[in-house]
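Please read the following explanation with the sequence and the model side by side.

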Amino acid sequence: MADPKGFLKYTRRVTPKRRPVELRLRDWKEVYEDFSHETLREQATRCMDCGIPFCHNGCPLGNLIPEWNNLVRLGRWREAIERLHATNNFPDFTGRLCPAPCESSCVLGINQDPVTIKQIELEIIDKAFDEGWVVPLPPERLTGKTVAVVGSGPAGLAAAQQLTRSGHRVTVFERADRIGGLLRYGIPEFKMEKRHLNRRLDQMKAEGTEFRTNVNVGVDITADQLRADFDAVVLAGGATAWRDLPIPGRELDGIHQAMEFLPLANRVQEGDDIVGPDGEPPITAKGKRVIIIGGGDTGADCLGTVHRQGALSVHQFEIMPRPPDTRAESTPWPMYELMFRVSAAHEEGGERMFSVNTEEFIGRDGHVTALKVHEVTMVDGKFVRTEGSDFEIEADLVLLAMGFVGPERSELLADLGVELTERGNVARGDDFETSVPGVYVAGDMGRGQSLIVWAIAEGRAAAAGVDRYLMGRSALPAPIKPTTAPQR
């Protein structure tokens, strides 16, 4: 069992330090310094292994958090990675990218800072890779069944790995030129170096998963062909239909969606020959006055990227009011707390502006030059213009990072004939099966825009449904039931 007095011995929460801003802005490497394993073991000792571990409630994967915390405390790292991999295919992704709702639910968080669960998870998997403990796990036998997975983000990859290990022949289709979805082209290198993604893909290839890139399913391969060639299909294309801002001046040059901008920066880091004579990608912030509209994670990704590209100035707009510095009363423990957060990108510079609404883009010679803006207040759940708060702000580059509204209305969905929810997501039943027998959906395509940890959980659960459909029964774990409502 855990040390029952551990949280009294080590009362202070310790997390890794970030590299100095002036150094990390010179490269695209991850921002955190190495973390001492001795310090990590002390942090793991703070876990009380409480009678009702609410961290389980916060984690949709059902991670065995108190168990691997205690194994780290004891220095039993190899057993810790076995416990971690029992519920999570990709802790190397979640340990870097998940906002850690488990920590918000930590019982210690009632009157102390919560356990550093996310960092412990990350150190376990990184040590496992360093020690050579992460190896391919090919199936002992093949079932003769074939499965197509459409989309190679975290949901698709999790479903594919589970189904491959069950003995099915799995082919993952990706319309981009590389595997990974948003992990590849949406997440900047400074948040997750792509070597972590590549080593997982190497493992999956060695297990028998086949990957096919540059294939737009529904166009290059029709829905009828897909159904004829495979015994089951998993739709995992994500919620890639971005939210736009249809106001006067939207047609001006220099206004781009975040997911038009971020992939270009990632392609440069991949070594793609896309830079112009000036050495810059087609959309760059170098020497420009940048406005980022949207205060979420995607906005922060844009913020860190424009800093590294050499923006002249940066302002980030958020229409919501500034959150409180500590947990808001509206989100009591064990909920994911609403509070003011400062990411590594925010630490690097730029001005954050809250309760701001953009009403018009102003341009000259067809290019954006400024934004007309006013402040708003929330009244009865609606944004109301604050009189006398109007102002203009100059801009050469505007990035829209306002989230996503659901899956694209693609030829594939239309030709398959799957039913959609009122929100426009793909509807599914208890086993993640769509209205079309043998066609399943996992991740944001069915759930709506959500977190990476939910995508992996849904991929695992959908794989269990597919396995049961193909074989009549399944031993694969199904950690969650489907829902269409985004949750944190």
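A polar contact is a pair of N or O atoms within 3.5 Å, where, within protein, one atom must be able to donate a hydrogen and the other to accept it. The model examined here is a predicted one, and in it the side chains of Lys191 and Asp301 make such a polar contact, at 3.0 Å. These two residues stand 110 residues apart in sequence, while their C-alpha atoms are 8.2 Å apart in space. Lys191 itself belongs to the loop that runs between helix H11 (182-185) and helix H12 (194-207). Once residues up to four places away in sequence are set aside, Lys191 touches Glu30, Arg96 and Leu97 as well as Asp301. With a relative accessible area of 26%, Lys191 counts as partly exposed, because that class covers the values between the buried limit of 20% and the exposed limit of 50%.

Thr87 sits between helix H6 (77-85) and helix H7 (91-97), and its relative accessible area of 11% places it among the buried residues, since buried means under 20%. The side chain of Thr87 is joined to that of Asn63 by a polar contact of 2.5 Å. Beyond its neighbours within four places in sequence, Thr87 is in contact with Leu61, Gly62, Asn63 and Leu64, and also with Arg460.

Around Ile124, leaving aside neighbours within four places in sequence, the contacts are with Trp68, Val72, Trp77, Ala80, Ile81 and Leu84.

The last stop is a pair of strands. Strand E11 (residues 367-379) and strand E12 (residues 382-385) run antiparallel and are joined by four bridges; Val379 has Lys382, in E12, as its bridge partner. The two strands form a hairpin with two residues between them, and in that turn Asp380 has a positive phi of about 50 degrees.

Technical notes
Residues numbered from 1 in each chain as written. Predicted model: local features only at pLDDT ≥ 70, side-chain atom pairs only at ≥ 80, totals over all residues. Heavy atoms only, no water. Contact = heavy atoms within 4.5 Å. Buried < 20%, exposed > 50% of the residue type's maximum accessible area, 1.4 Å probe, protein only. Pairing = 2+ DSSP bridges.
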